[in-house]
Amino acid sequence: MSRITETSDQWWKTAVIYCLDIETFFDSDGDGVGDVAGVVERIDYLAELGVTCLWLMPFYPTPDRDDGYDVTDFYGVDARLGTHGDVVELIRTAKDRGMRVIADLLINHTSDQHPWFKAARRSTDNPFRNHYVWRADTPPDTSDMAVFPDQEEGIWTFDEKTEEWYLHHFYSHQPDLNVANPKVRDEIMKTIGFWLEVGVDGFRVDAVPFFLEDVGMTGEDADAMAEPHEHLRNIRAFLSRRRGDAVLLGEVNVPHEEQVKYFGDGHQLHMMFDFITMQKMYLALARGDARPLAEALLARPEIPEDCQWATFVRNHDELTLDKLTEEERAEVFAAFGPEERMQIYGRGLKRRVPPMVDGDPRRVRLVYSLLFALPGTPSLFYGEEIGMGEDLEAEGRMAVRTPMQWSPEKNGGFSTAPPSRLFARPVPGGYGPEFVNASDQMRDPDSLWNFVRRLIQIYRSHPELGRGSLTVLEQPHPEVLAHQVSWEGRVVVAVHNLGGEARTVSLRPDVPTGSVLESLLVQEEYEVGDGALELTLDGYGYRWFHVHHPGRRRLP
Ligand code: GLC
């Protein structure tokens with residue numbers, strides 16, 4: 001088997017993921033809320049950009065107190081967004097355009113409006129009581145464990161009716177499921193099985209470490225959680241039996257060495273977001289010093305063959321900086337979000353990349369150049385490809401969940417509804433649809449959209465970027481990251497200058513003498529001789545090369 005065929009076999013290792021919220025993407029029926037049919041109408045936009053895997057944020061029935069992450073029916077579709085029929089049509093159309101679809105899987109908690117929880121809180125002997133985690137004695141102070149410290153005082157809330165406390169790592173309206181209960185485990189498997197039958201290609205698994213933690217479980221439940229990763233292995237085994245090439249992409253924001261446990265020996269999660277590298281990248285950008293980023297990349301542990309890091313620079317949540325030290329976080333805040341209204345939960349930013357770098361196009365492009373050049377599977381959050389900004393007046397994380405900006409028209413072309421009926425207003429001011437929108441940028445060859453599209457093309461035609469091994473190349477400037485990714489004789493060399501001053505870099509890529517480095521973004525090439533290569537980068541400049549071996553008949 002040619003090794004290149006492995007790129008279709010392990011498709012997730014060279015995918016380009018695009019996360020969108022159906023609610024904010026495109027409103028096809030003019031009611032002010034995006035819908036599934038709207039995503040279908042925009043599927044060619046995503047195909048043209050080069051997306052290969054669509055990640056749909058939760059579209060299940062919900063009271064919407066956590067933007068859909070609070071679910072009342074795991075098998076349903078939120079009626080505001082569409083029907084099961086619409087979801088099937090979306091998946092089918094995406095597949096026709098060469099895109100896979102993954103869905104958010106929420107198996108840590110439900111909404112408190114879920115029928116199970118409503119039943120569970122009726123009495124302590126209700127058959128659904130044990131679907132959740134309860135304690136009868138007064139809990140200790142858990143204020144340092146609340147994920148949303150601005151809203152919650154701890155992770156236990158007293159239920160007046162039955163006079164016990166229930167567990168919730170997130171909001172108190174999101175009770176944690178008791179995953180030690182075999183009935184809950186069965187239901188989780190059925191949910192996975194159900195959506196696989198509908199046609200999804202896998203799941204982004206929400207809040208993984210939280211549901212593997214045995215907090216406050218007693219008796220048989222505690223025994224069932226004695227080997228918590230067994231639960232994840234069972235989920236993976238079930239998924240892979242039902243659909244061999246379906247994937248689990250986990251949200252696991254823990255240090256690298258702990259992440260290894262969630263890959264296990266290759267029988268747990270296929271992929272995890274690399275939260276550590278993301279945070280260190282912002283530290284490096286804030287300092288104009290590439291070393292923290294290089295250190296994070298080099299400290300990535302070895303992972304099993306089927307596993308992969310998903311890289312990202314923005315997601316739908318706060319841009320978390322929780323794994324930096326307090327001093328490091330203060331540096332990033334000072335550089336990219338100095339005002340309190342830009343910060344959230346004391347650990348993150350409510351901002352998108354372009355406003356963080358004062359709209360400097362060189363720096364915006366530097367960030368996306370890094371995203372696609374660093375080894376891993378890149379994941380974009382909708383609107384990044386056109387450089388959308390945030391609405392700092394929106395509540396909490398909703399600042400970055402504003403309507404997609406399609407055109408300079410009313411409501412940014414997102415909806416024909418009167419502006420007062422939109423579920424959220426488009427970003428106001430200089431990053432608004434008048435100045436930042438997809439249709440203008442698609443027509444402008446020099447736009448960010450066309451730049452990101454080009455990066456995606458290069459990424460897709462260089463599978464070494466997803467599959468290869470990393471070498472950080474020695475060179476004299478701390479501002480510069482020079483790295484090489486190699487796989488099966490294929491090599492990409494990329495050089496990024498995180499500082500604002502031009503730098504001349506002398507490099508010795510690890511390739512045979514006589515190889516030719518061909519530039520991938522501009523016209524230039526270098527022959528690798530005995531001495532070092534010298535290249536000059538502008539401030540915030542970047543260069544990408546692939547290695548051309550004479551006689552190997554590689555296409556550009
Ligand atoms: C995850 C989601 C976040 C949500 C939370 C609770 O962290 O990314 O958006 O609020 O889980 O479901």
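**View 1. The second largest pocket of this predicted model holds about 500 Å³ of space.** A pocket here is an open set of points on a 1 Å grid over the protein atoms alone, where a 1.4 Å probe fits, with protein on both sides within 12 Å along at least five of seven lines, and its lining residues have an atom within 4 Å of a point; grid points are joined across faces, edges and corners, and the volume is the space filled by probe spheres set on the points. Lining the second largest pocket are 22 residues, with E302, I303, W309, G468 and S469 nearest its centre. Two or more residues each come from helix 13 (291–299), strand 10 (308–311), helix 19 (464–467) and strand 15 (469–472), and helix 19 gives the largest share, 3 residues. Helices (H or I, at least four residues) and strands (E, at least two) are DSSP runs numbered from the N terminus.

**View 2. The largest pocket holds about 760 Å³ of space.** Among the 36 residues of its lining, V147, F210, N253, D322 and R347 are the closest to the centre, while helix 8 (208–212) and helix 11 (256–263) are the elements that give two or more residues to this lining.

**View 3. An open sheet of 3 strands runs in the order 11-13-12 with antiparallel pairing.** Strands count as paired if DSSP finds at least two bridges between them. Strand 11 (319–320) and strand 12 (343–344) are the edge strands, each pairing on one side only. Strand 12 pairs with strand 13 (residues 348–349) over 2 bridges, and I344 stands opposite G348 in strand 13.

Residues are numbered from 1 along each chain as its sequence is written. In this predicted model, local features need pLDDT of at least 70 and side-chain atom pairs count only at pLDDT 80 or more, whereas totals for chains, interfaces and linings use all residues, and side-chain values use heavy atoms, with hydrogens and water left out.
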